[in-house]
Amino acid sequence: RRGRKLTEATATSSMASDLKRRVPSAIAMIVAVLAATWFGGFPFLLFWTCAALIVWYEWASIVRVAHKTTVLALGFFTIALAAVLVSIHAPLAALGAIAAGTILAAALTSGGGIARLWSGSGLLYAGLVFLPVVLLRNDAELGLHAAIWLYAVVWLTDIAAYFSGRFIGGPKLAPAISPKKTWSGALGGTLFGVIGGVGVAAYATGRVALMHAVIAIAVSAFSQAGDIFESFVKRKFGKKDSSGILPGHGGVMDRIDAFIAAAALALLIGMSRGGADAPATGLLQW
């Protein structure tokens, strides 16, 4: 019993120390994200484009891209070009630019097929940092609400998963890839992510629909899969963090890995119903 109490006390102390390091920078990031989201337009595009450029650099560093200078420059150019195309309302051309850049980055990378796959997929991954959320935000009718909806689902999933996993514990979700994640954390995160998503969707549309919960479940689960995917990439290449740019949080990719996956799925759902011009309406209006 005494050993158990000591273990619990150690875990509580560790969590308190972890939160002390994370909370200040997390608050600063949330304020910056919400400010950019509120203004929309160019400030929003610039914010997420900068995030994409950093993620591309972090990815290239993790997978140790051969001919780094050439491939890095190509990636920066591709992301910037796609951002310009989005700014002039040419989203399909922006997607095409990312696709072309992905193929070219792979072709310019030496070291065999696997190295080329990692290099090219990294540029595609970086493109997903800004394209989905910016296209959703650009929806004139429900763009702001869709961005807030994404934040609610992803952030609440992440926060609830952290505390549920720490306090409940239990079987591990993916012990070989991310040893700290538990099933209790995954389920607790999904529950709160759905509550947040349904709440924002109901506020935005004036009604509660079953599909609001279904989509929130899917996006919450996808966000957790995105987190595990980044953990897999880092573990494969022997990295603990994508970089050290954010105090207590590692790199930008470490903070938005879940968001990247969630935003991509949300955009696909939205575009399947609302098209390229109204993806946010397609996502939220049921």
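Me: At what angle do the axes of helix α7 (residues 183-205) and helix α8 (residues 210-236) cross?

Reply: Two packed helices are described by the angle between their axes and the distance between the axes. Here the axes of α7 and α8 cross at roughly 135° and come within 8 Å. That makes α7 oblique to α8. The cut-offs are under 35 degrees for roughly parallel, over 145 for roughly antiparallel, 65 to 115 for roughly perpendicular, and oblique for the rest. An axis is a line fitted to C-alpha atoms, for helices over the stretch in contact, with angles from 0 to 180 degrees between N-to-C directions. Helices themselves are DSSP runs (H or I, at least four residues), numbered from the N terminus.

One heads-up: this is a predicted model, where local features need pLDDT of at least 70 and side-chain atom pairs count only at pLDDT 80 or more, while totals for chains, interfaces and linings use all residues. Residues are numbered from 1 along each chain as its sequence is written, and side-chain values use heavy atoms, with hydrogens and water left out.

Me: Which residues of α7 and α8 make the contact?

Reply: Contact means heavy atoms within 4.5 Å. On the α7 side, the residues include Gly 185, Gly 189, Gly 193 and Ala 201, and on the α8 side they include His 212, Ala 216 and Gln 224. By class, this contact has eight nonpolar, eight polar and no charged residues. Ala, Val, Leu, Ile, Met, Phe, Trp, Tyr, Cys and Pro count as nonpolar, Asp, Glu, Lys and Arg as charged, and the others, Gly among them, as polar.

Me: What about α5 and α6: at what angle do they cross?

Reply: Helix α5 (residues 113-137) and helix α6 (residues 143-168) have axes that cross at roughly 140° and come within 7 Å. So these two are oblique to each other as well. Val 133, Leu 136 and Arg 137 of α5 meet Gly 143, Leu 144, Ala 146, Ala 147 and Leu 150 of α6. That contact has six nonpolar residues, one polar and one charged.

Me: Is Trp 38 buried or exposed?

Reply: Buried means under 20% relative accessible area, exposed over 50%, and partly exposed in between (1.4 Å probe, protein chains only). Trp 38 counts as exposed because its relative accessibility is 63%. You'll find Trp 38 in helix α1 (residues 2-39). Beyond its neighbours within four places in sequence, Trp 38 is in contact with Arg 137 and Leu 144.

Me: And which residues touch the most other members of the largest nonpolar core?

Reply: In soluble globular proteins, nonpolar side chains tend to be buried together. A nonpolar core is a set of buried Ala, Val, Leu, Ile, Met, Phe, Trp, Tyr and Cys residues joined through side-chain atoms within 4.5 Å. The largest one here has 73 residues, and Trp 48, Phe 130, Trp 149, Leu 150, Phe 259 and Leu 283 touch the most other members. Helix α9 (residues 252-274) gives this core its largest share, 12 residues. Looking past residues up to four places away in sequence, Trp 149 touches Ile 215, Ala 266 and Leu 284, among others.

Me: What is the phi of His 89?

Reply: Most residues other than glycine have a negative phi, and most peptide bonds are trans. His 89 has a positive phi, near 65°. His 89 lies in the loop between α3 (68-87) and α4, and counts as exposed, at 69% relative accessibility.
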